[in-house]
Amino acid sequence: MGLSKEIGIDLGTANILIYVKGSGIVVNEPSVVTINTETNKPIAVGEEARDMLGKTPGKFQAIRPLKDGVIADFQITEILITHFINKLNLKGVFSRPTILICCPSNITSIEKSAIQDVALRCGAKRVYIEEEPKVAAIGAGLDISKPSGNMVVDIGGGTTDIAVLSLGDIVSSSSLKIAGDKMDEEIIKYVKDKYKLLIGDRTAEEIKITIGCAHKGSSEKIMDVRGRDLVTGLPHTIQISEKEIEAALKETCETILRATKQVLEQTPPELSADIVNKGIFLTGGGALLKNLDRFLEEGLNVPVFVAEEALDCVAKGCGVMLENTQYLQ
């Protein structure tokens, strides 16, 4: 047993995952904190707080501190990280942990040092900050240390990170503030425009997971959706099909396709040759959208694969990096 623990944190807009060396992924919960606005004290964190989203009385507020992959509220983010690190109970005589935190690739240096401060205040001995697409690629099982091109499209809650990697680092990349949350918003908008029905974020996400589709959706696959009728103001149920959700998500999927094309256009030709050969890997929760791989493949003429356990790629990548410290700068 080493004297100090090593932990990796995937600080996502939608979820926070924590990997502890030797134990694997020990925390996988929504990045949500509910606070009492009168006392500014947290009431609930994670899963428990997510269940309160859109359902809280006046003085309680469920907050997602990371907006578009960027920390919108440092105080709440600190509560979030501190809560889970304390829950791990790593306190011991010698154990100030080494923490590796993964952030989106377009993060500013001010935000980086702010995250570093939060981790140090949580009792870290050393803090490493790594870019998500690089860690996701490692978690997807790609060997990025060789002089060969690997491409990953990491679609999270708040951001889509697209990167081409070689020799252990990012060669060309792009970060979009369009990902899972945007898909939910588009579904809400579609249902509102077409059916005059108001639905919440949680319902929109359920629709996306159940009948979400990026390509060749069927009109047979349907789902009941409940919400508030805009005309009467009363609760109401409608039926919606996979084909319709495909239409609702069309723009988002096309934006991701365009951004992926742009990154490919900025890639040196030798690396492009490798990518055509190996394919592009999709990671993150958005990779689970039905037929998104087919949609991108058709638009790019390059094979596209969904990584195994796409949701956990960044956390798993943290694990690999902690085991092999040569990856850490």
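## Exercises: a sheet and its helices

In this predicted model, strand 9 (residues 98-103) runs parallel to strand 10, and the two pair over 6 bridges.

**Exercise 1.** Find the residue of strand 10 that stands opposite Leu-100.

Solution. Go to strand 10 and look across from Leu-100: the residue there is Tyr-128.

**Exercise 2.** Work out the strand order of the open sheet and name its edge strands.

Solution. Start with the order: the 5 strands line up as 3-2-1-9-10, with mixed pairing. Now check the ends: strand 3 (24-30) and strand 10 (126-131) each pair on one side only, and that makes them the edges.

**Exercise 3.** Say which strands helix 2 and helix 10 lie against.

Solution. Take helix 2 (residues 74-88) to begin with: it lies across strand 1 (6-11), strand 2 (15-20), strand 3 and strand 9, at about 145° to strand 1. Then turn to helix 10 (residues 313-323), which touches strands 1, 2, 3, 9 and 10 and makes about 150° with the direction of strand 1.

**Exercise 4.** Describe how helix 5 packs on helix 7.

Solution. Begin with the geometry: helix 5 (residues 180-195) and helix 7 (residues 242-265) meet at about 140°, axes 9 Å apart. Helix 5 is therefore oblique to helix 7. Their crossing is right-handed. Next, pick out the contact residues, among them Met-183, Ile-187 and Tyr-190 of helix 5 and Ala-248, Leu-249 and Ile-256 of helix 7. Finally, sort the contact by type: 9 nonpolar, 1 polar and 4 charged residues.

Conventions: Residues are numbered from 1 along each chain as its sequence is written. This is a predicted model: local features need pLDDT of at least 70, side-chain atom pairs count only at pLDDT 80 or more; totals for chains, interfaces and linings use all residues. Side-chain values use heavy atoms; hydrogens and water are left out. Two strands pair if DSSP finds at least two bridges between them. Helices (H or I, at least four residues) and strands (E, at least two) are DSSP runs, numbered from the N terminus. Contact means heavy atoms within 4.5 Å. Axes are lines fitted to C-alpha atoms, for helices over the stretch in contact, and angles run from 0 to 180 degrees between N-to-C directions. Angles under 35 degrees count as roughly parallel, over 145 as roughly antiparallel, 65 to 115 as roughly perpendicular and the rest as oblique. A crossing is left-handed if the near helix is turned anticlockwise from the far one by less than a right angle, and right-handed if clockwise. Ala, Val, Leu, Ile, Met, Phe, Trp, Tyr, Cys and Pro count as nonpolar, Asp, Glu, Lys and Arg as charged, and the others, Gly among them, as polar.
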